[in-house]
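Here is a protein model for us to read together, one feature at a time. Have a look before we start.

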Amino acid sequence: MATFPFTSLLPITVSSSSSSSRLSALRASASESVLCQHTPRRELLKGIALQALLPLVVLREAPPSLAREVEVGSFLPPSPSDPSFVLFKASPKDTPALRAGNVQPYKFILPPTWKQARVANILSGNYCQPKCAEPWVEVKFEDEKQGKVQVVASPLIRLTNKPNATIEDIGSPEKVIASLGPFVTGNTLDPDELLETSVEKLGDQTYYKYVLETPYALTGTHNLAKATAKGNTVVLFVVSANDKQWQTSEETLKAVLDSFEV
């Protein structure tokens, strides 16, 4: 049978004042020794912990973006065609795809009270440039009273195998919107939701235009869209609004759609 040193658990008794003094000195010496051993270790652990937390603190900061939480009228110039709007001209500093040369510069007008919205990194195409297999969002602008717009870009090969195809090469307006419709609505597009299609020619560039009534769309119950192809990309411009926004801003939103040009 195992035996245990019970005597080590008994309290220490001191019979004389000299013994008490020696014991106190011994305890003080031991305490200083422990502090000397543990204090640097604790400080070291604190330092390691702080260094480990530092990257987390940095990651919590908002990622750099050119999106601004101010009205676009404060930094965009007036539109030459209608000074009541401002003109947005996309440049390589604005999106990863423009920097990579995957998208040609584009422009459109906006009411000066609108604000630029941030595009999540996973939606921006930043992770897959210069060769993305799926569509991505270029830029977004919005106004809670009027609606929102976004530019969506899709690799040409997703719609046709013909290099540098025009929008006409891809197919009819109905065929194109059938492929890109989910990027207009945010979920699905029923053929019955397509109210109107038209074809517009600006210089040597052809655009397909759409009017959609989309009661189940995530983007809004009313959607306008304009699509064209240039280089290796199909560019889709989407203007969205809910019923209340559409009722008061229909003409403004149609003017914004008409202004889009690659």
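Predicted model: local features only at pLDDT ≥ 70, side-chain atom pairs only at ≥ 80, totals over all residues.

Q: How many disulfides does a search of the whole structure find?

A: A disulfide is a pair of cysteine sulfur atoms within 2.5 Å. Here the search of the whole structure turns up 1. The partners are cysteine 128 and cysteine 132, with 1.8 Å between their sulfur atoms. The link is right-handed, with 90° about the S-S bond.

Q: Are cysteine 128 and cysteine 132 buried or exposed?

A: Buried means under 20% relative accessible area, exposed means over 50%, and partly exposed is in between (1.4 Å probe, protein chains only). Cysteine 128 and cysteine 132 are both buried.

Q: Which peptide bond is cis?

A: Look at the step from glutamine 129 to proline 130: that peptide bond is cis, with omega near 10°. As for where to find it, proline 130 sits in the loop between α3 and β4. Those labels come from DSSP runs, helices being H or I with at least four residues and strands E with at least two, numbered from the N terminus.

Q: How many salt bridges does a search of the whole structure find?

A: Side chains of opposite charge can pair when their charged atoms come close. The cut-off for a salt bridge is a side-chain nitrogen of Lys or Arg within 4 Å of a carboxyl oxygen of Asp or Glu. Searching the whole structure gives 6. One of them joins arginine 158 to glutamate 134, at 3.3 Å from N to O. Arginine 158 is in the loop between β5 (147-155) and α4 (167-170), and glutamate 134 is in the loop between α3 (121-124) and β4 (136-143), so this pair ties together parts 24 residues apart in sequence. Arginine 158 is partly exposed at 35% relative accessibility, and glutamate 134 is partly exposed too, at 45%.

Q: Which residue forms a salt bridge with glutamate 168?

A: That's lysine 201, and the closest N and O atoms are 3.7 Å apart. Lysine 201 belongs to strand β6 (residues 194-202) and glutamate 168 to helix α4, so the pair ties together parts that are 33 residues apart in sequence. Lysine 201 is exposed, with a relative accessible area of 53%, while glutamate 168 is partly exposed at 39%.

Q: And what does lysine 226 pair with in a salt bridge?

A: Its partner is glutamate 200, with the closest N and O atoms 2.8 Å apart. Lysine 226 lies in strand β8 (residues 222-230) and glutamate 200 in strand β6, so the pair ties together parts that are 26 residues apart in sequence. Lysine 226 is buried, with a relative accessible area of 0%.

Q: Where does threonine 188 lie?

A: Threonine 188 is in the loop between α5 (173-185) and β6, and is exposed, with a relative accessible area of 58%. The C-alpha atoms of threonine 188 and tyrosine 216 are 8.3 Å apart, with the two residues 28 residues apart along the chain.

Notes. Residues numbered from 1 in each chain as written. Heavy atoms only, no water.
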